[in-house]
Amino acid sequence: MVFNVFLLLIVPIKAYGKKDAINIFTTLGSNQDVGILGLIGGVFFDEIKKRLYITDSSNCRILSYDSEFNYLSALHPKDDLKNPTSILRVIDGKFLVVDPAKRSIVVIDVAQKLINLLDLSGVPDSAAFNPGRMAIDSDGNIYITDRANNRILIFNSNLKFNKEVIKDSKIRFNDIKVDRQGYIYTLSTVEGIARKYDKSGKKILEFGSRGKGRDKFSFPVSLAVDNQGLIYIVDQHKNKILVFDRKGKFLFNFSRTGWIEGCLATPSYIFINSSDTIFVVDRDNSRVSIFK
């Protein structure tokens, strides 16, 4: 029995419908160094420092790992973070962290030991601002979903408001990513629709629908794009990652429900770095699953 369980633990998680397998590389969760890892809010890989950052919402801290995913340290800024979720590390080294409890974005300057809120000067209807997810482009511009106003705001690399690039009262933007060419990708959970926009905010692609088929969404919550332009979408209820080509055609899916390494239980977020390493927040297993 023990031998059979061991075999189960090392079986690769194949991508169904794809020639080559996408395999689990490792998982990051609770251990002696980290302690108990609670609800994970967000993940970001810093391409400059080659560091992985994870927000531990339950313990109000930011965990850092090196390029080999070895634990480095924890940033726990006392009472300045209540419920950290989406995270970015911008060009000048500051951290931006969405704090839903404050309906704001916290700016952490570790070098200067300063913590402030993002300056919303010039943002229309800033009084109702309610940030959701964030993304950053190759020029250091920050894209923020505003759940209260159904829009996407852009701040420049100096963290100053630039413009409102997309606004649609009928769309709830649940996630956002920006690829190397500057195309903007959004996901609407309620609609079960992913969209792609150019830099000006013009929609150039829309795909997806809710249903029971392999190419349909049950409850999509997050998306990411790899170097080939493939679009990965996390379906929280299916506990799978669905992958589409650059035209929105379904290609394959991977993972399955479970607790063993490589399986997922209520996944909530996905991030893909420049080397196409896939990071998935495995919420109910309190870990980050890393696929390659």
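The sections below treat the chain as a whole, then its strands, then its aromatic rings.

## Overall architecture

The model is predicted. Its secondary structure comes to 1 helix and 25 strands. Along the principal axes, the C-alpha trace spans about 60 × 45 × 30 Å. For 292 residues, a compact globule would have a radius of gyration near 19 Å, and the 18 Å of this chain agrees with that expectation.

Buried residues account for 53% of the 292 residues. The chain exposes about 13,500 Å², of which carbon and sulfur atoms supply 50%. Among contacts with a separation of 6 or more, 43% join residues 24 or more positions apart.

Aspartate 146 has arginine 151, in strand 13, as its bridge partner.

## The hairpin of strands 21 and 22

Strand 21 (residues 240-244) pairs with strand 22 in the antiparallel sense over 4 bridges. The two strands form a hairpin with 5 residues between them, and glycine 248 in the turn has a positive phi of about 90 degrees. Leucine 242 has asparagine 253 of strand 22 as its bridge partner.

Strand 22 (residues 250-254) is largely enclosed by the rest of the structure, because 4 of its 5 residues are buried.

## Aromatic contacts

The count of aromatic pairs comes to 12. In one of them, the ring centres of phenylalanine 69 and phenylalanine 279 lie 5.7 Å apart with the planes at 80 degrees; the pair is therefore edge-to-face, a class that requires an angle over 60 degrees. The pair links distant parts of the chain, 210 residues apart: phenylalanine 69 belongs to the loop between strand 5 (61-65) and strand 6 (71-75), and phenylalanine 279 to strand 24 (residues 278-282).

Phenylalanine 69 is buried, with a relative accessible area of 9%, and phenylalanine 279 is also buried, at 0% relative accessibility.

How values were computed
Residues numbered from 1 in each chain as written. Predicted model: local features only at pLDDT ≥ 70, side-chain atom pairs only at ≥ 80, totals over all residues. Heavy atoms only, no water. Buried < 20%, exposed > 50% of the residue type's maximum accessible area, 1.4 Å probe, protein only. Pairing = 2+ DSSP bridges. Rg over C-alpha atoms; globule rule 2.2 N^0.38 Å. Contact = heavy atoms within 4.5 Å. Areas by Shrake-Rupley, 256 points an atom, 1.4 Å probe, with all protein chains shown as cover. Phe/Tyr/Trp six-rings, centres within 6.5 Å; stacked < 30°, edge-to-face > 60°.
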